Amino acid sequence: MYQLPQDALEYVLACKEELMDLERTLCQIPAPSHKEHARAAFCKKWLEDAGAKGVYIDEVQNVIFPINAEGSNRLTLFAAHMDTVFPDTEPMPMTEKDGLLYCPGAGDDTGSVALVLMISKYLITRNIQPKDGFLMVCNTCEEMDQTGITHVVNAYEGRLKEVYMMDGLYNQVVNWPVAYQKYKVSIHAQGGHAYLSFGNPSAIQCAASMIQDIYALPLPEGCKSSYNVGLISGGSTINAIAQNVEMAVEMRSELESNLNSLRQSFRDIVKKHQDMEIYEIRVADDGSLPGKGDVDEARQEKINEKMRQIFGQYLEGKTIFRSGAGDLNIPASKGVPGVGFCAYKLGRIHSRDEYIDLESLENALRTSLTVVLSCVDD
Ligand SMILES: [Zn+2]
């Protein structure tokens, strides 16, 4: 059993309203990826007002609050991402109805940012000194390209023992990173009049052939993998042979080695069509995330088991353990064990109707504080 001390239970009750207000305040500070400055400045000041010493904002706007971290090579990192998928630089509409707070980004991941701050305040005011040191982090760019967490992991290279990414869906734990690769493909062909030049090369014909080949690929064995052609556009009009097509292709796998074999198969398909010497095909790397590195599986299993117990203790229903792509990939690719988790209720994430269940924040604080305190002497 992971028990919270009486003092922590009282803290959770005492700061329930403050936590909800903090959530409302944070929601009203716009933070599109790569434009988190205002939210970062707020978080740093909030921590300092709570008594934090040594908080800093790094080159990519991550807010980092090290606790007893100096000289330690066994740091535990707790992080929530400040950025939202919405490009708005003015405060977005925020409404409340039936206990739900509606605001884009409210759940993903603003609620977790509020929790990181409120948990930090507990650690500060109780002068808790974790044995091996903590990094309490509000990071940037989770929704875009993981540059925020990458910067943290690089800055603390070789010094991280475990990571806890506070992000995700209610009562779900991500304990295995999914690697992915995205490509933008552009195809150019001669084209011409649909009737008079019938038989000329068509970019749409080439795209159709490539797509057919992609979907004929067998998935690698040994783990879950996937591929998808998610976007396609091209052609100019009905009576013209298409000269141009653009398409977006993504591939995912729980194992980097399997993703690599999908990458190779895709390259083979591209080459096959290039070798016809009829089409001009260009492939641009549109981003990727690394898969799991050399993680200590015993340590990982210990974290999983702890999350199972703590979530089982506090949350409704059965905890879902799953794989997923996000900030966790970066430390995991460097062999650092960890999880992503969320203990409050939220919905319609990444949409303008996104909401968070305000009442559920209190229990999320209880749950998340239990996770954090379990690491103090571990
Ligand atoms: Zn998120």
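**Two crossing helices**

Modeller: In this predicted model, helices α2 and α10 lie roughly perpendicular to each other (65 to 115 degrees; under 35 would be roughly parallel, over 145 roughly antiparallel, the rest oblique), because their axes cross at roughly 105°. Helix α2 covers residues 16–27 and helix α10 residues 360–373, and their axes (lines fitted to C-alpha atoms over the stretch in contact, with angles from 0 to 180 degrees between N-to-C directions) come within 9 Å. On the α2 side the contact (C-beta atoms, placed from the backbone, within 7 Å) is made by Lys 16, Leu 19, Met 20 and Glu 23, and these meet Leu 361, Glu 362 and Leu 365 of α10. Sorted by type, the residues of this contact are four nonpolar and three charged, with no polar ones.

Residues are numbered from 1 along each chain as its sequence is written. Local features need pLDDT of at least 70 and side-chain atom pairs count only at pLDDT 80 or more, while totals for chains, interfaces and linings use all residues.

Four of the strands form an open sheet in the order β4-β5-β18-β17, paired in antiparallel fashion (a pair needs at least two bridges). At its edges stand β4 (95–97) and β17 (346–347), each with a single partner strand, so one side of each has no neighbour in the sheet. Within the sheet, β5 (residues 100–102) and β18 (residues 355–357) run antiparallel and are joined by three bridges, with Leu 101 standing opposite Ile 356 in β18. Helix α4 (residues 106–125) packs on this sheet, where α4 touches β5, β17 and β18, and the direction of α4 makes about 45° with that of β18.

On the scale of the protein chain, an automatic or database assignment gives domain 1 (6–178 + 291–373) and domain 2 (179–289), whose C-alpha centres lie 38 Å apart. Nine residues of domain 1 are in contact with 11 residues of domain 2, and the side of domain 1 that touches domain 2 has four nonpolar residues, four polar residues and one charged residue. Taken along the principal axes, the C-alpha atoms of the protein chain fill a box of roughly 80 × 45 × 40 Å. Among contacts between residues at least 6 apart in sequence, 80% join residues at least 24 apart.

Notes:
Two residues are in contact if their C-beta atoms, placed from the backbone, lie within 7 Å. Ala, Val, Leu, Ile, Met, Phe, Trp, Tyr, Cys and Pro count as nonpolar, Asp, Glu, Lys and Arg as charged, and the others, Gly among them, as polar.
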